[in-house]
Amino acid sequence: MSEEVTAEILTTHILELAQGGKRLDGRAVDEYRPVTIQFGYVASADGSALVRLGNTTVLSGIKLEPGKPFPDTPNAGVLTTNAELIPLSSPTFEPGPPHPRAIEVSRVVDRAIRAAEAVDLTGLCVTPGEKCWTCFVDIHVLDHSGNLIDASMLAAVSALSRATLPGKRFEIGEDAPLNIRHLPIETTFCRLGETIVVDPTFEEETAAQGRVTIATDEIGNVVAMQKGLVGAFAPEEVKQLVDRAFRHGDRLREQIRRGGGP
Amino acid sequence: MGSVGAKEVPQLIGPDGRRIDGRQLDELRPLRIVAGALHRADGSAFVEWGANKVMAAVYGPREVHPRHLQQNNKAIVQCRYNMAAFSVDERKRPGLDRRSQEISKVIAEAFESVIFAEEYPRTSIDIYIEVLQANAGTRCAGLVAASVALADAGIPMVDLLPAVAVGKIGGQIALDLRKEEDNFGEADLPMALVPQSGRLVLLQMEGHMNREELSRSLDLGVVGCRKIYDVMKQALRDRYSVTPAAPAPSVPTEAPA
């Protein structure tokens, strides 16, 4: 897979703008792109959401199927998160086995959903040690214009928040809403010189000197973090970013609860 | 491949001669096409056709990967048809299975038949088709989407490629099968037409039809393709007409029910 190519002159321009607290698309340093969420986009899924974050578009679909619990967690269902950076979404994505970049998105999203205990896994147990529900969270990146982690997380959590346990289809009781206990949200920042911007576009990501993602829940916990790309952040900077992450997280959670409109 | 729970063969044609969704035998499902639905691709299109939702993107002409596939006298045309794990009733394992690989191949060959590949030696024209929601006829929906995406990318072609599946259900020849008709019908015949020449560049068939039925199916398919062709051309006009100034479309959203 080739890397994103951004002209050096554009990179320099992005860094110079950032010095003065400005951004290429006219946003403020701590301004998120507009988000729209469309629930139930895919009728064949048990839950789905199409999320648009600026020009980035991500579709997530939930599928629930009967399975067997892991031996070490006989009383819990199974949760699997998979992100596909399909070659349709960017000139630099190629077909083939998952690139580390895709694996990182999957794992970062998966970790936050797990750590936040977003899905009530014990509620997915049917017969301890024998039968449980397996919850597949599949994330399809359709249009990559930067910040795939946040967009993927928004899509996954939005889809989970309105998902249905298809009891009837598999003759395991009645259909019921999937029990969601928490709403974790990821907020990603990039360093551009001494300025740290939220929700980077892909041009900003290629110019970035470090990226950090902070996942928060609605009751004041940071549930996961991930630093990526080449670069460094001071502890004091991270603390400030945590405050910013809660502000964005709370606002986006409210949007999910309200029904997805901007 | 029936859905879990669907155990008996439904009656595909009612006493009034209409199909399970109320269509006449020669009637298409509602078709909506949006040209230029993606931002990063050189060309793209979104197709909503009945309960199918299909996105296509075109990249290129661009450098060939892997290099040894490069041809000195023309562009190569590569296609990847893929279904999302959640696009079908029973979750599909992500990635290309044998069916997807075969469909990718016949779609690539269909487009190679109409693209002026010799204009772009040593390059690759890459077509990506993603089925987001499937309800029979996804290869045809993919072809239609990819055609509009190729035009959106400015790739010179003989013509657009409208495509549709004809089938035999309840003993009758019917246009544009939906899932139940595909699962429980007697035959399925997907085709893609070059409207200018009236020739087919994709043709597959599975099931049982006699000579007369096959002949009527081909005629019905051509009529269907010509209707689809009009919708494709309109989608490109909508995208590129100068007035009124339209904002660049995006992945289309539906009004909440």
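Predicted model: local features only at pLDDT ≥ 70, side-chain atom pairs only at ≥ 80, totals over all residues.
Is Ala159(A) buried or exposed? Buried: its relative accessible area comes out at 0%, and the cut-off for buried is under 20%.

So who's around it? Leaving aside residues up to four places away in sequence, Ala159(A) touches Gly47(A), Ser48(A), Ala49(A), Ser60(A) and Ile62(A). Then there's Phe39(A): 120 residues separate Phe39(A) and Ala159(A) in sequence, yet their C-alpha atoms sit 6.7 Å apart in space.

## Val158(B) in its loop

Over in chain B, Val158(B) belongs to the loop between α2 (138-152) and β6 (163-169). Val158(B) counts as partly exposed because its relative accessibility is 33%, which falls between the 20% and 50% cut-offs.

Once residues up to four places away in sequence are set aside, Val158(B) touches Val114(B), Phe116(B), Val194(B) and Gln196(B).

## Cysteines

How many disulfides turn up over all chains? Zero, going by a search of the whole structure. Take Cys135(A), which is in no disulfide: the nearest cysteine sulfur belongs to Cys132(A) and is 11 Å away, while a disulfide needs the two sulfur atoms within 2.5 Å.

Cys135(A) is also buried, at 0% relative accessible area. Cys190(A) counts as buried too, with a relative accessibility of 0%.

Terms used:
Residues numbered from 1 in each chain as written. Chains lettered and ligands numbered in written order. Heavy atoms only, no water. Buried < 20%, exposed > 50% of the residue type's maximum accessible area, 1.4 Å probe, protein only. Contact = heavy atoms within 4.5 Å. Helix = DSSP H or I, 4+ residues; strand = E, 2+ residues; numbered from the N terminus.
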